[in-house]
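The overall architecture is treated before the individual elements.

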Amino acid sequence: MTNIADTTHTLLRAEGFSCPSCVSKIEKQVGRLDGVENVTVHFASGRVEIDHDETKASVDDLIAAVDKAGYKSKASAF
């Protein structure tokens, strides 16, 4: 279990969603990464919110996991 002080909240913007099942594909793929505690994908906006331990799962790792699920993403400030 990760200490809450070690948890980072990262926002990504993903594109290429065609149906709501895309949400579960991304959540499952990103959720498999070590250090990821929570993943929430917002279908309408393409926003992906991830709580993770940055020492175990970097932003680049998160982006790569979204890519592996078949979608492009990038870090976002909001």
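## Basis of the description

A residue is called buried when its relative accessible area is under 20%, and exposed when that area is over 50%. The model is predicted.

## Overall architecture

The secondary structure of the protein consists of 2 helices and 4 strands. Read from the N terminus, these elements follow the order β-α-β-β-α-β. The radius of gyration is 11 Å, close to the 12 Å that the globule rule gives for 78 residues, so the protein is as compact as a globular protein of that length. Along the principal axes, the C-alpha atoms fill a box of roughly 35 × 25 × 20 Å.

Of the 78 residues, 37% count as buried. Among contacts between residues at least 6 apart in sequence, 65% join residues at least 24 apart. The accessible surface comes to about 4,600 Å², and carbon and sulfur atoms account for 51% of that surface. The protein carries 9 positive and 12 negative side chains, with the centres of the two sets 9 Å apart.

## Helix H1

Helix H1 spans residues 21–31, and its buried residues are Cys22, Val23, Ile26, Gln29 and Val30. These residues lie on the same side of H1, because they cover an arc of only 145 degrees around the axis. An α-helix has 3.6 residues a turn, so residues three or four places apart point the same way.

The cover over the buried residues of H1 includes strand S2 (36–42), strand S3 (47–53) and helix H2 (59–68).

## Helix H2

In H2, the residues Leu62, Ala65 and Val66 are buried. Their arc around the axis is only 100 degrees, which puts them on the same side of H2. Asp60 and Lys68, on the other side of H2, are exposed.

Strand S1 (7–15), H1, S2, S3 and strand S4 (72–75) are among the elements that cover the buried residues of H2. Gly70 follows H2 and has a positive phi, near 105 degrees.

## The loop between S2 and S3

Ala44 is placed in the loop that joins S2 and S3. With a relative accessible area of 84%, Ala44 is exposed, since the cut-off for that class is over 50%. Ala44 and Phe17 are separated by 27 residues in sequence, and their C-alpha atoms are 8.8 Å apart in space.

How values were computed. Residues numbered from 1 in each chain as written. Predicted model: local features only at pLDDT ≥ 70, side-chain atom pairs only at ≥ 80, totals over all residues. Heavy atoms only, no water. Buried < 20%, exposed > 50% of the residue type's maximum accessible area, 1.4 Å probe, protein only. Arc of directions from axis to C-beta. Contact = heavy atoms within 4.5 Å. Rg over C-alpha atoms; globule rule 2.2 N^0.38 Å. Areas by Shrake-Rupley, 256 points an atom, 1.4 Å probe, with all protein chains shown as cover. Lys, Arg positive; Asp, Glu negative; His and termini not counted. Charge placed at Lys NZ, Arg CZ, Asp CG, Glu CD.
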